[in-house]
Amino acid sequence: MSSSLLFNVTTMAYLVSTCLFFAFLASRNKGVGLSGTYAALFGFIVQTVAIGLRWKESYDQGHGHAPLSNLFESVVFFAWTIILIFLIIDFKYRYRAVGFFVVPFALLGMAWAQLALDSGIEPLVPALQSNWLLYHVVTCFLGYAAFAVACGISIMYLIREKLEAGGGSTAVGAPAGGLLSMFPSIRALDDLNYRAIMIGFPLLTLGIVTGAAWANYAWGTYWSWDPKETWSLIVWFVYAAFLHARITRGWVGRRAAILSVIGFAATIFCYLGVNLFLSGLHSYGK
């Protein structure tokens with residue numbers, strides 16, 4: 001058995017999970033929603049084994065490095081971290097409908113990696129031959145994943161707010177019929193968005209700090225205004241502004257949800273846009 005086969009199984013599991021969460025919203029059957037959670041959990045377990053197997057395959061081929069060295073491996077790891085944070089929130093709060101807005105991020109990532117990216121295991125370039133690779137990538141992608149979950153929750157918030165404005169509900173947080181009955185209340189969605197960003201922001205901060213330490217080890221300077229570094233700082237300021245506005249100026253609700261979506265758009269550009277469209281010291285991540 002190869003890691004590639006297990007990644008295919010993972011993609012199918014996330015596809016099944018997404019379909020089940022859609023069926024849950026359509027049918028309002030709690031058993032279907034729980035099945036969506038367990039399909040995501042099954043995919044997560046298979047993907048965990050696949051990542052470990054790919055790590056072993058790297059050693060078998062004589063390269064011997066963590067599977068975090070190119071775009072294929074980073075997209076796979078990003079999908080893994082998204083499902084990890086989703087499952088933590090799902091089992092803690094049991095808001096099954098959140099799955100329909102979060103699991104597709106992991107599904108799209110896995111499908112893209114499987115269909116369009118080079119999955120070959122290559123030796124590390126000199127700049128990546130450091131333990132800082134593990135510290136930096138893991139912290140950054142856990143932060144990115146928390147922002148992805150916050151974005152999905154914010155989209156739910158905006159949809160619920162719009163439906164309520166159209167007559168779907170008469171009071172904030174009150175039970176509502178139809179699609180709205182499957183959504184957490186406005187207040188719960190706003191709180192979940194805030195909690196997810198409170199998880200992601202310190203992780204991103206730690207990722208930037210470990211990245212600076214790694215840069216000093218690899219290139220002899222902590223900061224060089226490389227496009228990836230510049231965009232990482234932009235993303236950091238967006239979420240710092242989110243937390244500052246919420247804590248000092250009481251930004252909640254619609255404005256917080258919109259800022260969360262903007263923050264994730266900036267995060268995706270920092271991660272993928274910079275790698276694909278801009279050249280710099282991080283160009284090896286293609």
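Buried here means under 20% relative accessible area. By that cut-off Arg96, at 12%, is buried, and so is Asp90, at 1%. What you see above is a predicted model, and I will start with that pair.

The side chains of Asp90 and Arg96 meet in a salt bridge, with N to O at 2.4 Å.

One joins Glu164 to Arg160, with the closest N and O atoms 2.8 Å apart. Both residues sit in H5, 4 residues apart, or about one turn of the helix. An α-helix has 3.6 residues a turn, so residues three or four places apart point the same way. Glu164 and Arg160 are both buried.

The other links Glu161 with Arg254, again 2.8 Å between the closest N and O atoms. Glu161 is in H5 and Arg254 is in H8, so this pair ties together parts that are 93 residues apart in sequence. Glu161 is partly exposed at 22%, and Arg254 is partly exposed at 45%.

Now the core. The largest nonpolar core has 78 residues, and the members touching the most others are Tyr14, Phe78, Phe86 and Tyr271. Helices H1 through H8 each give two or more residues to this core. Take Phe86: leaving out residues up to four places away in sequence, it touches Phe21, Ala40, Val98, Gly99, Val102, Val103 and Val149.

Last, helix geometry. H6 has 34 residues and reaches 47 Å from first C-alpha to last, close to the 50 Å expected. Just after H6, Gly220 takes a positive phi of about 80°.

Technical notes: Residues numbered from 1 in each chain as written. Predicted model: local features only at pLDDT ≥ 70, side-chain atom pairs only at ≥ 80, totals over all residues. Heavy atoms only, no water. Core = buried A, V, L, I, M, F, W, Y, C linked by side-chain atoms within 4.5 Å. Buried < 20%, exposed > 50% of the residue type's maximum accessible area, 1.4 Å probe, protein only. Contact = heavy atoms within 4.5 Å. Expected span 1.5 Å × (residues − 1). Salt bridge = Lys/Arg side-chain N within 4 Å of Asp/Glu carboxyl O.
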